[in-house]
Amino acid sequence: MDINFIIAAIMTVVGISTPILLAGLGELVVEKAGVLNLGVEGMMLLGAIAGFAVTVYTGSPWLGVVGAGVAGALGGMFFGLFVLGLNSNQVATGLALTIFGTGLSSLIGLSFVGRIVAPFSSIFPPELARDPLLKVIFGYSPIVYFALIMVAVVAWFLKSTRAGLILRAVGENDLSAHSIGYSVVGVRFLAIAFGGAMAGIGGAYFSMVITPMWAERMTAGRGWIALALVVFAGWRSGRLAVGAYFFGLLMALELYAKAAGFSILPSQFWAAMPYLMTVVVLALISMRDRAGSNAPACLGRPFIPAT
Amino acid sequence: MRPTHLGPIYRGLQLDAKVNARLSLFGITKRFPGVLANDNVSFEVKPGAIHALLGENGAGKSTLVKMIYGIMQPDGGEIRWNGERMTVSNPKAARKLGIGMVFQHFSLFEALTVLENIALGMDAKIPARDLENRIRQVMTQYGLMLDPHRIVSTLSVGERQRIEIVRALLLNPKLLIMDEPTSVLTPQEVEQLFVVLRKLAAEGCSILYISHKLHEIKALCETATILRGGKLVDTCDPRTETSRSMAEKMIGGGLKDIKKVDGRTFGAERLVVRGLNVPKDGHFGVALKDISFSVRAGEIFGIAGVAGNGQNPLLLALSGEEIVAEGSAIAVDGEAMGQLAAKKRRLKGMASVPEERNGHAAVPDFTLAENTVLTARDRLGMVNGGLINEGKARTYAGEVIAAFAVKAQGPRSLAGSLSGGNLQKFIMGREILQKPSVLVVSQPTWGVDAGAAAAIHQSLVDLAAAGSAIVVISQDLDELLSLSDTLAVINEGRLSRPMAVKDADIEQIGLLMGGIHGDPTAEVGHLSEELAHAHQA
């Protein structure tokens, strides 16, 4: 195994992990506020098509990423309107958001099929980004660095800021937070919007970086892996990053197995691997810790204040 | 300036012109769909006074203080603060005025630290280090010791209450509202709390103390306002009243004593628990360790203890919801029950009533008749060949309703439509009329009005007199002292040695509830010293 292969492999894993890392970070914040949003996949697809469309019209991938974030956030706010404003069931509404996002992105995407967008130019000098060795550090899309910075930002926000403390309090005991005088609905709405924006940017990574073209349902269920990742990480952002790269490794195995003509197991098996691992990991975690003691206590429960 | 619509109570109120009241309420009225929670309530609290607000569950005490603290708005009447009329639009506004409140159910965040919990309750943004210093200062000043960096879920109930008190005291309140503060404390913790409250009052802070425990009010308060059915029925000086006279004002009628025959003798041992061990369930669970006791025919066995010390796992192990590894650890009339499921245990005469009425003891969306099928089907033959005999179920539900004076439309009314007290009477009746050999009940009168509580107590005494063995698990020590023949204390999953109630020592029970094991005499002295020390601090 030569050094070039290892560098290529690392770059594949980091790239393929970035969308689930972004979406997972967003969902982590949402769940810490006590809301379970199963619409991650839908918001990712909305972000994917919005990012692509904005880039096509403006020619600027930077604006495209902003557009993806806005679209994802709008999808999340739509979800928030139902679960917070009308106290609808979070699981059912989240599933509906996924179906809605899949459908709407396909509809809008019809007119973009076959078009190609300009990729991001590197934010580092080309000598660094194209250097055969140093590109393992400098050779990625700006979204990859954004995701890594966000890991630290989310960890710092939740642990050290007052706003983060309030957000955790809302997820831990909504009625108490309400009785102290915090706006439970307001905090949750903002968290959901943030989660949507992160999922949207994660989705845009598919349409703007991995394959700079639009295809229906191109996120291929990665939103569900992001959801499992949050549980896997025990609602901690550092562990979420480790988990995301672990799942990225599994997903990369499929590509390499296919490319190497690895025929002991059919390629479908490798493709199914991350999803199988999701099930196995979740089962192992629930066996180890029956109560799921790290989970925010109010996760998934509607907030109904006593009058 | 006096509003003209106010009722006779206001006219009878003595307004002291010299000492301005800190808080005055005039004709406060609050209406909920179908209920008048507060009906024209007027009273005032003087600076530095410890003022009791007394009433049964549902008398409207909590609603009233929620309006003072700004959680709810009154539909009518006015609130004056230091003589000035004002609307308290939210708790933040209340705290700004200098009103602090310690809730009955703590508004704490289990997964956060003491410091984080207190920081959340502060309206002003204070850097964590300054806040910690101020917290330590308040703690030493009032002798409320706590480690600010402990996670709340690892603290005892008494310690959690201290967080709430410290949180309120950090705001230098002029009025502190305490909502049923002692319902979960050991007698010693109650004493410590009273020391803090008296010290606060001496410094000029008014205290509005909500309770239905009369001996505490007699010991602590100089004025008591009594509410019944949302109306103010009397204002009195508790120091000159007897507990009985206040209780009668509170329930609006004569108080019935439990009729217990003196000098009863007990029969053979019916329930024997020997070396019962249950591993802990989940992260925050409590394991049961080597629990042993026996209950004879005709005996009521009380299990006291502060909530969360293993009462729930014990009830589940006794009811059969949790199967016990050692089958012979639980035996009824000599027959091992530990390995049997709840259904089999019921058939063999071992019945139980859990603490939670809705969703555990009864299905709220089922009719009363359907609810009887759930626990009485085998013993009373309500199911034949897989089909429910509805007639039989309805007849039995009717019998329970009649025998226990349950206020319900009939066997077809939904369990969820009954008030707490009536549903509890029905659930108890459902088990008692099956004439179980052993009955295990948890919190039989939790959140139940005094009339229903008396009826439930009497029915347990009668069942024991008929030869059943009864276990009552309760946090209400007064209830256990008046009801049971024998008493043991559960603490951290261990059960103390049983003692006869007639020669039980309340201080010793309190120490056991607080977690003093082993040879009590040796450690009692030690802790008394510690308490005395805390009082001086």
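The dialogue below walks through chain B of a predicted model and its interface with chain A.

Me: Before we start, what should I know about the numbering and the model?

Reply: Residues are numbered from 1 along each chain as its sequence is written, and chains are lettered from A and ligands numbered from 1 in the order in which they are written. Because this is a predicted model, local features need pLDDT of at least 70 and side-chain atom pairs count only at pLDDT 80 or more, while totals for chains, interfaces and linings use all residues; side-chain values use heavy atoms, with hydrogens and water left out.

Me: Thanks! What does the secondary structure of chain B come to?

Reply: Chain B has 18 helices and 23 strands. Helices (H or I, at least four residues) and strands (E, at least two) are DSSP runs, numbered from the N terminus. Of the 537 residues in chain B, 52% are buried, where buried means under 20% relative accessible area, exposed over 50% and partly exposed in between (1.4 Å probe, protein chains only). Among contacts in chain B (heavy atoms within 4.5 Å) between residues at least 6 apart in sequence, 65% join residues at least 24 apart.

Me: How should I read the interface, and how much area do chain B and chain A bury between them?

Reply: The size of an interface is often given as the accessible area lost when the parts come together. Here chain B and chain A bury about 1,600 Å² between them, with 61% of it on carbon and sulfur atoms; buried area is the accessible area (1.4 Å probe) that two parts lose on being put together, summed over both. In residues, 20 of chain B are in contact with 16 of chain A.

Me: Which residues form the salt bridge there?

Reply: A salt bridge needs a side-chain nitrogen of Lys or Arg within 4 Å of a carboxyl oxygen of Asp or Glu. The count between the two chains is 1, and A:Arg168 forms it with B:Glu116, the closest N and O atoms being 3.0 Å apart. On the side of chain B that touches chain A, helix H3 (91–97) and helix H4 (114–121) each supply at least two residues. The largest share, 4 residues, comes from H4(B). That side divides into 10 nonpolar, 4 polar and 6 charged residues. In this scheme Ala, Val, Leu, Ile, Met, Phe, Trp, Tyr, Cys and Pro count as nonpolar, Asp, Glu, Lys and Arg as charged, and the others, Gly among them, as polar.

Me: Now the sheets. In what order do the strands of the open sheet stand?

Reply: Strands of a sheet pair through backbone hydrogen bonds, either parallel or antiparallel. In chain B, 4 strands form an open sheet in the order E12-E11-E14-E15, with antiparallel pairing. Strand E12 (288–296) and strand E15 (335–336) stand at the edges, each with a single partner strand, so one side of each is left without a neighbour in the sheet. Two strands count as paired if DSSP finds at least two bridges between them; strand E11 (residues 269–278) is joined to E12(B) by 6.

Me: Where is B:Glu180 found, and is it buried or exposed?

Reply: B:Glu180 is found in the loop between strand E7 (175–179) and helix H7 (187–202) of chain B, and at 7% relative accessibility it counts as buried. Its side chain joins that of B:Lys61 in a polar contact of 3.1 Å. A polar contact is a pair of N or O atoms within 3.5 Å; within protein, one must be able to donate a hydrogen and the other to accept it, and residues adjacent in sequence count only if both atoms are side-chain atoms.

Me: What does the side chain of B:Glu299 make a polar contact with?

Reply: The partner is the side chain of B:Thr486, at 2.3 Å. B:Glu299 lies in the loop between E12 and strand E13 (300–304) of chain B and is buried, with a relative accessible area of 1%.
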